[in-house]
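Hi everyone, thanks for having me. Today I'd like to walk you through one protein chain, so please take a look at it with me.

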Amino acid sequence: MIQLRLAPASQTLAELEPGRTFDFVFIDADKEGYDGYYEQVLPRVVRGGLIVFDNMLSHGRVVDPQNDRDRALDALNRKLARDSRVESVLLPIADGLNFCRKK
Ligand SMILES: C[S@@+](CC[C@H](N)C(=O)[O-])C[C@H]1O[C@@H](n2cnc3c(N)ncnc32)[C@H](O)[C@@H]1O
């Protein structure tokens with residue numbers, strides 16, 4: 001079943017019903033919001049579940065961030081690499097996909 005919830009993502013996540021869990025999450029909204037969406041959704045991801053972030057290379061600019069968007073993605077890549085709650089890998093395909101598997 002697919003449910004469309006059209007609202008700011010932080011609001012949608014905050015309003016999820018208690019006990020709702022996810023096997024798979026794809027994050028592809030405003031880049032400055034990614035870290036917040038990650039923290040909101042991670043408690044609801046099942047053990048072994050996957051969170052995938054799009055655009056994590058920001059067209060290569062994460063190696064030399066040019067703006068707040070690039071800095072946010074660079075900071076999140078660094079955070080995920082050290083985050084003991086997940087195993088993560090940044091794949092250099094398309095615009096960069098970061099795959100995080102919850103431990
Ligand atoms: C790159 S598109 C996503 C494309 C989608 N993943 C797909 O494959 O069709 C980004 C989307 O995020 C939405 N968006 C941007 N900021 C948002 C926010 N704060 N909350 C919810 N959606 C947001 C935009 O309206 C846009 O539809």
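Predicted model: local features only at pLDDT ≥ 70, side-chain atom pairs only at ≥ 80, totals over all residues.

Let's begin with the elements. The chain has three helices and four strands. If you follow them from the N terminus, the order is α-β-α-β-α-β-β. The radius of gyration is 14 Å, close to the 13 Å that the globule rule gives for 103 residues, so the chain is as compact as a globular protein of that length. Along its principal axes, the C-alpha trace spans about 40 × 30 × 20 Å.

How much of the chain is buried? Of the 103 residues, 36% count as buried.

Now let's go inside. In soluble globular proteins, nonpolar side chains tend to be buried together. Here, the largest nonpolar core has 19 residues, and the members that touch the most others are I27, Y34, Y38, I51, F53, M56 and L80. Which elements each supply at least two residues of this core? They are strand 1 (22–27), helix 2 (34–41), strand 2 (45–53) and helix 3 (68–82). Helix 2 gives the largest share, four residues.

Let's pick out M56. Leaving aside residues up to four places away in sequence, the partners M56 touches include Y34, V62, L73, L76 and L80. N77, D95 and N98 are also among the residues that M56 touches.

Finally, the charges: the chain has 15 positive and 16 negative ones, and their mean positions are 6 Å apart.

Conventions. Residues numbered from 1 in each chain as written. Heavy atoms only, no water. Core = buried A, V, L, I, M, F, W, Y, C linked by side-chain atoms within 4.5 Å. Buried < 20%, exposed > 50% of the residue type's maximum accessible area, 1.4 Å probe, protein only. Contact = heavy atoms within 4.5 Å. Rg over C-alpha atoms; globule rule 2.2 N^0.38 Å. Lys, Arg positive; Asp, Glu negative; His and termini not counted. Charge placed at Lys NZ, Arg CZ, Asp CG, Glu CD.
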